[in-house]
Amino acid sequence: KGELRMQSLSFDDAGMYQCIAENKHGIIYANAELKIVASPPTFELNPMKKKILAAKGGRVIIECKPKAAPKPKFSWSKGTELLVNGSRIRIWDDGSLEIINITKLDEGRYTCFAENNRGKANSTGVLEMTEATKITLAPLNVDVTVGENATMQCIASHDRTLDLTFIWSLNGFVIDFEKEHEHYERNVMV
């Protein structure tokens, strides 16, 4: 197939490689450079978020994405407790931590540890629980005669420390109230 496969690469394998294809009509060349990358884990370019918000009863994924070569092994701790995969907690292959059915007890300092044969590093963030946003009054189906006006309501409860935005869509397309102000009107009740 004209493939060159290399296994267990070392720094000595780095360099310019050349493929030569030849037949009775002539010869052609193609070149490619192979760079060997090796570095200890570092969070300098992509540190963990310092503050992570998660809704009560919901699910959160805390990303851990250090730069490292080869790919590091990951572990997590909450405070001084080492975390392991369980019914509510899962450490993904890419290093992310998933927690489901969030409770107040999940709040705290989470640290991701990354280690490869070049070294190790860690990054820490704080998980805070917020009250889940819930629709308390959903829009109702409405029958309207052509030419009449219609009003639809949507009311939600939410964590008071966070802002709440309502987005309306029609058949899956978000309504732009500025562009379509002659047809749609947004009324905000406090």
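Me: Which residues line the second largest pocket?

Reply: Happy to start there, and keep in mind that this is a predicted model. As a general idea, rolling a probe the size of a water molecule over the atoms shows where empty space is left. Here, the lining of the second largest pocket consists of Phe-43, Asn-46, Pro-47, Met-48, Lys-49, Ile-52, Ile-61, Ile-62, Glu-63, Cys-64 and Lys-65. The space in this pocket comes to about 180 Å³.

Me: How many residues of that lining are nonpolar, polar and charged?

Reply: Seven are nonpolar, one is polar and three are charged.

Me: What is the volume of the largest pocket, and which residues lie nearest its centre?

Reply: The largest pocket has a volume of about 1,200 Å³. Its lining counts 29 residues, and those nearest the centre are Met-152, Trp-168, Glu-185, Arg-186 and Asn-187. By residue class, the lining of the largest pocket holds 15 nonpolar, nine polar and five charged residues.

Me: Which domains does the assignment give for the protein chain?

Reply: The assignment gives domain 1 (40-130) and domain 2 (132-189). Between the C-alpha centres of domain 1 and domain 2 there are 36 Å.

Me: Let's move on to charges. How many salt bridges does the structure hold?

Reply: The general idea first: side chains of opposite charge can pair when their charged atoms come close. This structure holds seven salt bridges. One of the salt bridges joins Lys-65 to Asp-94, with 3.4 Å between the closest N and O atoms. This pair links distant parts of the chain, 29 residues apart: Lys-65 sits in the loop between β5 (59-62) and β6 (67-69), and Asp-94 in the loop between β9 (89-91) and β10 (97-100). You have met Lys-65 already, in the lining of the second largest pocket.

Me: Are Lys-65 and Asp-94 buried, partly exposed or exposed?

Reply: Lys-65 counts as partly exposed because its relative accessibility is 33%. Asp-94 has a relative accessible area of 32%, so Asp-94 is partly exposed too.

Me: Which residue forms a salt bridge with Asp-106, and is Asp-106 buried or exposed?

Reply: The partner of Asp-106 is Arg-88, and their closest N and O atoms are 2.7 Å apart. Here again distant parts of the chain are linked, with Asp-106 in the loop between β10 and β11 (108-116) and Arg-88 in the loop between β8 (81-83) and β9, 18 residues apart. Asp-106 counts as buried because its relative accessibility is 5%. Arg-88, at 28% relative accessibility, counts as partly exposed.

Me: What about Lys-104: which side chain meets it in a salt bridge?

Reply: That is Glu-107, at 3.2 Å from N to O. Lys-104 has a relative accessible area of 53% and is therefore exposed, whereas Glu-107, with 25%, is partly exposed.

Me: Which residues are linked in a network of salt bridges?

Reply: Arg-59, Arg-90 and Glu-98 are linked in such a network.

Me: To finish, which residues of the largest nonpolar core touch the most other members?

Reply: This core has 21 residues, and Val-60, Ile-62, Trp-76, Leu-97, Ile-99 and Tyr-110 touch the most other members. At least two core residues come from each of β4 (51-55), β5, β7 (73-78), β9, β10, β11 and β12 (119-130).

Technical notes. Residues numbered from 1 in each chain as written. Predicted model: local features only at pLDDT ≥ 70, side-chain atom pairs only at ≥ 80, totals over all residues. Heavy atoms only, no water. 1 Å grid on protein atoms, 1.4 Å probe; cavity = no way out; pocket = protein on both sides within 12 Å on 5 of 7 lines; lining within 4 Å. Points joined across faces, edges and corners; volume = space filled by probe spheres on them. Nonpolar A, V, L, I, M, F, W, Y, C, P; charged D, E, K, R; others polar. Domains from an automatic or database assignment. Salt bridge = Lys/Arg side-chain N within 4 Å of Asp/Glu carboxyl O. Helix = DSSP H or I, 4+ residues; strand = E, 2+ residues; numbered from the N terminus. Buried < 20%, exposed > 50% of the residue type's maximum accessible area, 1.4 Å probe, protein only. Core = buried A, V, L, I, M, F, W, Y, C linked by side-chain atoms within 4.5 Å.
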